[in-house]
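Open your viewer, get ready to select residues by number, and follow along stop by stop. Each stop tells you what to pick and what you will find there.

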Amino acid sequence: MIRTPLRPLARILEARANGENPDAIEHQNRRIRHEQMRDRDRNRAEGRLLVLGVFFFCAFAVVGARMGLLAVSDPVEPRAHAPGSVIANTRADIVDRNGNILATNLDTHALYAQPPHMVDREGAARKLAKIFPDLNEERLIKDFTGKRKFLWVKKKISPEQMQAVHDIGDPGLLFAPRDMRLYPNGKLAAHIMGGASFGREGVRAAEVIGVAGAEKYFDDYLRDPANAGKPLELSLDLSVQAASERVLDGGMKLMNAKGATSILMDAHTGEVISVVSLPSFDPNNRPRPAVEGDASDSPLFNRSVQGVYELGSTFKIFAAAQAMELGLVNASTMINTAGPMKVGGHRIGEFHNKNYGTISVSQIIEKSSNRGTGRLALMIGKERQQEFLRSLGLFDKSSFEIIEASGSTPLLPSRYTDLSAVTISYGHGISTTAMHLAAGYAAIANGGRAVKPTLLKQNGPVMGDRVMRADVAAASREMLRSVVVGEDGTASFGEVPGYFVAGKTGTADKPKPRGGYYKDKTITTFASMFPAHDPRYVLVVTLDEPVETSSGKPRRTAGWTAVPIAAEMIRRVAPLLGMRPAIEPAEVAGITLTSSN
């Protein structure tokens with residue numbers, strides 16, 4: 001940079017020649033130089049302030065944009081990181097309709113080993129085998145002394161076991177935090193809960209996934225971090241479920257049955273208040289699936305939705321209801337049920353070869369006449385019968401929200417003939433689940449509207465399409481009531497004083513795995529509703545291979561096996577449902593008041 005001299009010689013000489021003071025020139029140049037330096041420093045400072053202002057503006061813009069993005073985005077819970085993956089470390093609780101916990105999470109730990117860091121490998125293996133008796137000491141020694149650098153020892157350990165491992169004091173034994181799924185009620189509602197297990201695993205976290213039941217069906221909801229504080233609310237009532245399981249378990253043992261299931265459903269919403277399948281299991285220690293033999297022998301088999309059976313005479317009320325809906329008959333119409341009766345070359349008989357003669361439609365249901373419902377089916381026709389049963393949901397797999405229900409597709413005849421229509425009218429030739437049957441009876445109970453079984457709590461009635469008129473449903477309920485209280489009813493053991501049970505029994509021979517039927521093995525069912533004059537609930541009880549032997553003579557019909565169990569269940573759960581015993585409404589006698597004058 002070229003600097004201007006403070007005392008330029010040319011100007012000094014000129015000033016002296018003119019008699020001026022040369023010092024004034026120096027003062028003027030010094031002032032100009034200072035002004036230039038001042039302007040230069042000011043420009044530099046202003047430039048720095050401008051850069052700093054731009055920096056702060058950008059910083060505040062970034063912070064503001066991030067705050068705006070967070071304000072409009074969905075909340076996301078923190079996730080635990082594991083090498084090579086991101087694992088969601090949360091799962092929502094499951095509660096019953098009253099908020100009682102059915103499934104929750106428990107903080108626990110897993111135990112793993114890093115053999116290169118272990119001090120006494122063989123000694124640690126021996127001590128671990130004492131803490132965990134299910135571990136093989138020789139196998140642990142082989143793993144610890146081999147070339148492995150990492151291995152899981154136990155995927156879940158208790159606090160007491162964790163402290164015992166701590167006391168070993170080996171630096172190569174380490175703990176990994178875990179979120180374990182806990183079912184505090186043990187076996188209660190086990191088939192609905194299903195169970196959970198670990199999916200992706202890392203040292204710092206493990207993913208809990210559903211493996212069966214509602215845990216698997218609602219897995220996406222339960223695993224969503226946004227729902228960690230919002231439990232899944234089911235329609236089950238824990239108290240009613242406990243009472244139902246206790247009664248059914250005792251009844252199954254008393255009737256020497258191989259298995260049993262019961263379903264209690266709200267007739268107006270389709271909510272399943274309790275569902276039991278026996279034998280059961282503990283989802284905290286879920287057994288392994290059976291790889292051979294009959295699947296129904298496994299405690300994992302859910303009989304309420306996986307047990308696809310012929311349910312016998314419980315279907316007869318559907319034939320009577322449809323015939324009345326079509327205007328073909330009414331409850332008092334007389335039908336000739338006398339034999340012989342042949343359809344498609346096959347003889348249609350009655351239980352114990354009885355002959356009821358000419359009886360009313362109501363008596364057909366009360367006495368459970370096969371020929372009576374068979375003749376009603378012929379009047380209806382096979383096409384119209386299929387349409388009606390389909391409207392009740394009896395031809396499709398159940399919509400019940402557990403993963404096992406996906407295999408509940410009913411078994412139908414390959415060729416739907418007149419013979420098929422007749423046999424299906426009394427519950428043979430078609431195989432469904434107890435859940436299907438409960439939904440069908442709910443339509444009769446609620447006045448004629450189809451319902452879909454649901455495991456989720458509803459806020460009010462959820463009615464489907466109308467499948468029968470209200471007066472037809474009422475007449476059907478009166479027929480079912482006569483089955484319980486009528487002189488010839490097949491469910492005389494089903495009456496519960498104050499609760500007015502209506503229902504229908506069904507006894508079907510059990511099919512063999514390779515075709516045909518057992519002669520001494522049955523599936524017995526009692527499908528009921530209560531109170532009969534204004535039903536609120538439907539109860540279905542089904543027993544697999546029951547035998548009642550109190551008289552010394554084996555009795556395998558539903559009237560002797562399923563009916564008493566259902567009655568006891570109603571007696572136990574009705575008060576839990578808030579129902580008080582009442583007096584059954586009766587028709588008012590036609591009395592005319594006259595004056596005595």
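Start at the lining of the largest cavity, whose residues divide into six nonpolar, five polar and two charged. Here Ala, Val, Leu, Ile, Met, Phe, Trp, Tyr, Cys and Pro count as nonpolar, Asp, Glu, Lys and Arg as charged, and the others, Gly among them, as polar. A cavity is a set of points on a 1 Å grid over the protein atoms alone where a 1.4 Å probe fits but cannot get out, and lining residues have an atom within 4 Å of a point. The space in this largest cavity is about 80 Å³; a volume is the space filled by probe spheres set on the points, which are joined across faces, edges and corners. Select Thr-261, Arg-303, Tyr-309, Ile-523 and Thr-542, the closest to its centre of the 13 lining residues. Strands S10 and S18 are the elements that give two or more residues to this lining. The structure holds four cavities of 30 Å³ or more.

A word on what is on your screen: this is a predicted model, in which local features need pLDDT of at least 70 and side-chain atom pairs count only at pLDDT 80 or more, while totals for chains, interfaces and linings use all residues. Residues are numbered from 1 along each chain as its sequence is written, and side-chain values use heavy atoms, with hydrogens and water left out.

Next, select residues 537-544, which make up strand S18. Strands (E, at least two residues) and helices (H or I, at least four) are DSSP runs, numbered from the N terminus. Is S18 buried or exposed? Eight of its eight residues are buried, so the strand is largely enclosed by the rest of the structure. Buried means under 20% relative accessible area, exposed over 50%, and partly exposed in between, with a 1.4 Å probe and protein chains only. Show the side chains: Tyr-537, Leu-539, Val-541 and Leu-543 point one way, and Val-538, Val-540, Thr-542 and Asp-544 the other way.

Two strands pair if DSSP finds at least two bridges between them. Strand S10 (residues 259-266) runs antiparallel to S18, joined by eight bridges, and Gly-259 stands opposite Asp-544. Strand S17 (residues 517-530) also pairs with S18 in the antiparallel sense, over eight bridges. Find Phe-530 opposite Tyr-537; S17 and S18 form a hairpin with six residues between them.

From S18, move along to Arg-556, in the loop between S18 and helix H17 (562-576). Arg-556 is partly exposed, with a relative accessible area of 27%. Beyond its neighbours within four places in sequence, Arg-556 is in contact (heavy atoms within 4.5 Å) with residues including Thr-507, Asp-520 and Pro-546. Zoom in on Asp-520: its backbone oxygen lies 2.9 Å from a polar atom of the Arg-556 side chain.

Last stop: the largest pocket, with a volume of about 1,200 Å³. A pocket is an open set of points with protein on both sides within 12 Å along at least five of seven lines. Strand S16 (502-511) is among the elements that give two or more residues to the lining, and S16 gives the most, with six. Colour the lining by class to see 11 nonpolar, 17 polar and 13 charged residues.

Technical notes:
Polar contact = N/O pair within 3.5 Å; in protein donor to acceptor, adjacent residues only side chain to side chain.
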